Amino acid sequence: MSERLTAAVVGGGIGGLAAAAALTRAGIEASVYEQAPEIGEIGAGVLIGPNSVRLLHRLGLAEAIDEVGGWVGEGSTYYRHDGTKVAPVMTTDSSGWAAMYGMHRADLVDVLRRAVPGHRVRPGHRAVSFTQDAENARVTFENGTFA
Ligand SMILES: Cc1cc2nc3c(=O)[nH]c(=O)nc-3n(C[C@H](O)[C@H](O)[C@H](O)COP(=O)(O)OP(=O)(O)OC[C@H]3O[C@@H](n4cnc5c(N)ncnc54)[C@H](O)[C@@H]3O)c2cc1C
């Protein structure tokens, strides 16, 4: 009898959601367990470089990041809060592909969250222990449930 592989990802930040989105796309039933009562991001913007953009494209999210992000064009510059220049923003990869985006962190998290089936994103789950043997792995959560 073959059992279907499932995955539990602990942490619903950019990293955890991206991992779950990739696993989902690969046909693996992945669930995300986040300790916070809801998925989201505080903070400001995030710059997404070509290496990350390439992976987001592979996850089928090219259109979604286009919608929430702004393309960072040639000649863009990092500034200090007082307006003095720091350095130019690198806007291409080594092959010359221009794919640098700026977006709000909450928007990026939302794009990634939508790439995982809704019922498999579970806030309010703080992982407290982990065990495994040759057959299974188990994460236990503070609320008494496990995966
Ligand atoms: C000031 C600053 C600026 C940055 N700017 C950029 C940028 O412009 N571009 C860029 O690519 N990167 C940038 N980074 C890096 C980027 O923000 C991080 O690499 C990224 O957010 C990390 O995501 P993560 O999901 O791994 O971690 P986190 O965002 O920390 O997410 C971890 C999640 O796990 C949850 N968690 C923790 N413990 C448990 C538990 N026991 N059970 C359940 N859930 C748990 C947390 O609540 C959290 O939601 C920046 C970082 C900083 C600090």
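Close-up 1. A backbone N or O atom of Leu47 sits 2.7 Å from a nitrogen atom of the ligand. Ala127 places a backbone N or O atom 2.9 Å from a ligand nitrogen. A polar backbone atom of Ile14 is 3.2 Å from an oxygen atom of the ligand. Alone, the ligand exposes 1,000 Å², and the protein buries 44% of that (Shrake-Rupley areas, 1.4 Å probe). The model is predicted: local features need pLDDT of at least 70, side-chain atom pairs need 80 or more, and totals for chains, interfaces and linings use all residues. Numbering starts from 1 along each chain as its sequence is written, and side-chain values use heavy atoms, without hydrogens and water.

**Close-up 2. The shell around the ligand has 16 residues.** Gly15, Glu34, Leu47, Arg105 and Ala127 come nearest. The shell divides into six nonpolar, six polar and four charged residues; Gly counts as polar. Helix H1 (14-25) and strand E3 (45-48) each supply at least two of its residues (DSSP runs of at least four residues for helices, at least two for strands). H1 gives the most, with three. Domain 1 (1-39 + 117-147) and domain 2 (43-107) both contribute to the shell, so the ligand lies between them.

**Close-up 3. The largest nonpolar core holds 24 residues.** Its members are buried (under 20% relative accessible area, 1.4 Å probe, protein chains only) and joined through side-chain atoms within 4.5 Å. Ile48, Leu56, Ile65, Met103 and Leu108 have the most contacts inside this core. Helix H4 (105-114) is among the elements that each supply at least two residues. H4 gives the most, with four. Domains 1 and 2 both give residues to this core, so it lies between them.

Terms used
Near = heavy atom within 4 Å. Polar contact = N/O pair within 3.5 Å; in protein donor to acceptor, adjacent residues only side chain to side chain. Domains from an automatic or database assignment. Buried < 20%, exposed > 50% of the residue type's maximum accessible area, 1.4 Å probe, protein only.
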